[in-house]
Amino acid sequence: MRTVLGVGVVLALTGCAKNPALPLLVEDGQTQRASLTGASSSQGGPLYFEVKRYPGGEPYSVASDRGSVVLLDVWATWCEPCRDALPLYEQIAKEYGSRGLKVYALNVDEDERAIPAFLAETKVALPILVDINAAVAEKTLKVRMMPTTFLVDRQGVVRFVHEGFAEEFLQKYQTEIEQLLAERAE
């Protein structure tokens, strides 16, 4: 948690940046197929983790969404690009939800009390997941930059990872989502 908190202080002043204490997910910030040690098998197997839903604390398991394509955005209230990304991901959820896309925002803030003000300000109504002590983000997903977005196929395999956010990324995200939605669930 110290890593995320320390990064939060620096990033609050400079925008979101890379966390050098965590291993690389992607080379040169480019999108690629992901094989996450600890998140999936070494052969690119299904992602598995459990967290709590916000605000009620009900359990959520990523395995419960097998058969759907999942966009999982790891974010924090202190991350300025997250303020831009989450409303756009909400639009993507509305556009592709009926075709099998589920969108979740995985929050890594140390204090959940910052979440309601952020959601009210950004007017985001996405399903929020809470990563207590950033355990999933750091250990399972190996996040090193905020925000980081994962696109997970219908079998639960992480297929695309994006670090950072800019609106011009949306076309690429939509292309990848279309590709994953076109694939059959096995």
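The following questions and answers explain some terms used for this predicted model.

User: Why is the pair Arg-83 and Glu-80 called a salt bridge?
Analyst: The cut-off is 4 Å between a side-chain nitrogen of Lys or Arg and a carboxyl oxygen of Asp or Glu. For Arg-83 and Glu-80 the closest N and O atoms are 3.5 Å apart. That lies within 4 Å, so the pair counts. The structure holds eight salt bridges.

User: What separates Arg-83 and Glu-80 along helix 2?
Analyst: About one helical turn, because they are three residues apart in helix 2 (residues 80-96).

User: Why is Arg-83 called partly exposed?
Analyst: Buried means under 20% relative accessible area, and exposed means over 50%. Arg-83 has 22%, so it falls in between. Glu-80, at 44%, is also partly exposed.

User: How do you know that Glu-178 and Arg-99 form a salt bridge?
Analyst: Their N to O distance is 2.9 Å. The limit is 4 Å, so the pair qualifies.

User: What makes this a link between distant parts of the chain?
Analyst: Glu-178 sits in helix 5 (residues 170-182). Arg-99 sits in the loop between helix 2 and strand 4 (101-107). The two are 79 residues apart.

User: Are Glu-178 and Arg-99 buried, exposed or partly exposed?
Analyst: Glu-178 has a relative accessible area of 31%, and Arg-99 has 39%. Both values lie between 20% and 50%, so both residues are partly exposed.

User: What about Asp-153 and Arg-159: what makes them a salt bridge, and are they buried or exposed?
Analyst: Their closest N and O atoms are 3.1 Å apart, so they meet the 4 Å limit. Asp-153 and Arg-159 are both buried.

User: What makes Glu-80, Arg-83 and Glu-121 one network?
Analyst: Salt bridges that share partners join them.

User: Why are strand 2 and strand 7 called edge strands?
Analyst: The open sheet has seven strands in the order 2-1-5-4-3-6-7. Strand 2 (59-61) and strand 7 (158-163) each pair on one side only.

User: How do you know that strand 3 and strand 4 pair?
Analyst: Pairing needs at least two bridges. Seven bridges join strand 3 (residues 69-75) to strand 4, so the strands pair. They run parallel. Val-70 stands opposite Lys-102 in strand 4.

User: Which residues have the most contacts inside the largest nonpolar core?
Analyst: They are Leu-72, Val-74, Tyr-89, Leu-101 and Leu-141. This core has 54 residues. Its largest share, seven residues, comes from helix 2.

Terms used. Residues numbered from 1 in each chain as written. Predicted model: local features only at pLDDT ≥ 70, side-chain atom pairs only at ≥ 80, totals over all residues. Heavy atoms only, no water. Helix = DSSP H or I, 4+ residues; strand = E, 2+ residues; numbered from the N terminus. Buried < 20%, exposed > 50% of the residue type's maximum accessible area, 1.4 Å probe, protein only. Core = buried A, V, L, I, M, F, W, Y, C linked by side-chain atoms within 4.5 Å.
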